[in-house]
Amino acid sequence: MNRTLIPLALAALLSAPLSAEAAESVYTDAAIDKCENLLKNPDQVDIDMGTISVKCAGYKDYPFYFNEYDVRQSTYFGHLSQDILDGAGETFEVFNHIGDKIEWRLDD
């Protein structure tokens, strides 16, 4: 009896209409040259390694943060505590870079 119920339950589940709507997207520029410098101490700046840490205007009141060190870039989004900003540094192992636009996926 269980062998019959499982295929019937699966068939009913798979035939049910799925209402998967795509999230709305909004795009903003990733204009890093217009961002606020977060490296206040000149000792933190390492020109040879390309060190940069900035806070940028994002979408509405959500900022994005951009860091780069040794041609490895990382970004963070939203309202973050100073502890996270100071300790953050996740990036890919190899050299990488962000593009010119940021896509913000909105959930209505």
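**Note on the predicted model: disulfide, core and loops**

1. A disulfide (a pair of cysteine sulfur atoms within 2.5 Å) joins Cys 35 to Cys 56, with an S to S distance of 1.9 Å. The pair links distant parts of the chain: Cys 35 lies in the loop between β1 and β2 (36-37), Cys 56 lies in strand β3, and 21 residues separate them. The torsion about the S-S bond is 110°, and the link of Cys 35 and Cys 56 is right-handed. Under the stated cut-off, the count comes to 1 disulfide. Cys 35 and Cys 56 are both buried, where buried means under 20% relative accessible area, exposed means over 50%, and partly exposed covers the range in between (1.4 Å probe, protein chains only).

2. Residues are numbered from 1 along each chain as its sequence is written, and side-chain values use heavy atoms, with hydrogens and water left out.

3. Confidence is expressed as pLDDT, the predictor's confidence in each residue, from 0 to 100. The mean pLDDT of the protein is 76, and 66% of its residues reach 70 or more. Confidence is lowest in helix α1 (residues 2-15), with a mean of 54, and highest in strand β1 (residues 24-29), at 91.

4. The secondary structure comprises 2 helices and 6 strands. These elements are DSSP runs numbered from the N terminus: helices are H or I runs of at least four residues, and strands are E runs of at least two. Along the sequence, the order is α-β-β-β-β-β-α-β.

5. Several totals describe the protein as a whole. Of its 108 residues, 22% count as buried. Its accessible surface comes to about 8700 Å², and carbon and sulfur atoms hold 55% of that area; accessible areas come from the Shrake-Rupley method with a 1.4 Å probe, and for residues only the protein chains shown count as cover. Of the contacts (heavy atoms within 4.5 Å) with a separation of 6 or more, 40% involve residues 24 or more positions apart.

6. The largest nonpolar core has 11 residues in all: Val 26, Ala 30, Cys 35, Val 54, Cys 56, Tyr 59, Phe 64, Phe 66, Ile 102, Trp 104 and Leu 106. The elements that give two or more residues to this core are β3 (52-59), β4 and β6 (101-106). A nonpolar core is a set of buried Ala, Val, Leu, Ile, Met, Phe, Trp, Tyr and Cys residues joined through side-chain atoms within 4.5 Å. Leaving aside neighbours within four places in sequence, Val 26 is in contact with Tyr 59, Ile 102, Glu 103, Trp 104 and Leu 106.

7. The aromatic geometry can be summarised as follows. Rings of Phe, Tyr and Trp (its six-membered ring) pair if their centres lie within 6.5 Å; planes under 30 degrees apart count as stacked, over 60 as edge-to-face and the rest as tilted. By this rule there are 3 aromatic pairs. Tyr 59 and Trp 104 form one that is tilted, at 6.3 Å centre to centre with 35° between the planes. This pair links distant parts of the chain, Tyr 59 in strand β3 and Trp 104 in strand β6, 45 residues apart. Tyr 59 counts as buried because its relative accessibility is 19%, and Trp 104 is buried at 11%. Tyr 59, Phe 64, Phe 77 and Trp 104 form one aromatic cluster.

8. Most residues other than glycine have a negative phi. Lys 60 counts as exposed, since its relative accessibility is 71%.

9. Asn 37 lies in strand β2 and is partly exposed, with a relative accessible area of 41%. Not counting residues up to four places away in sequence, Asn 37 touches Ser 53 and Val 54. Asn 37 and Lys 55 are 18 residues apart in sequence and 6.7 Å apart in space, C-alpha to C-alpha.

10. The loop between β4 (62-69) and β5 (72-77) contains Asp 70, and Val 71 lies in the loop between β4 and β5. Asp 70 is partly exposed at 23% relative accessible area, and Val 71 is partly exposed at 43%. The C-alpha atoms of Val 71 and Thr 51, 20 residues apart along the chain, are separated by 8.5 Å.

Methods
Predicted model: local features only at pLDDT ≥ 70, side-chain atom pairs only at ≥ 80, totals over all residues.
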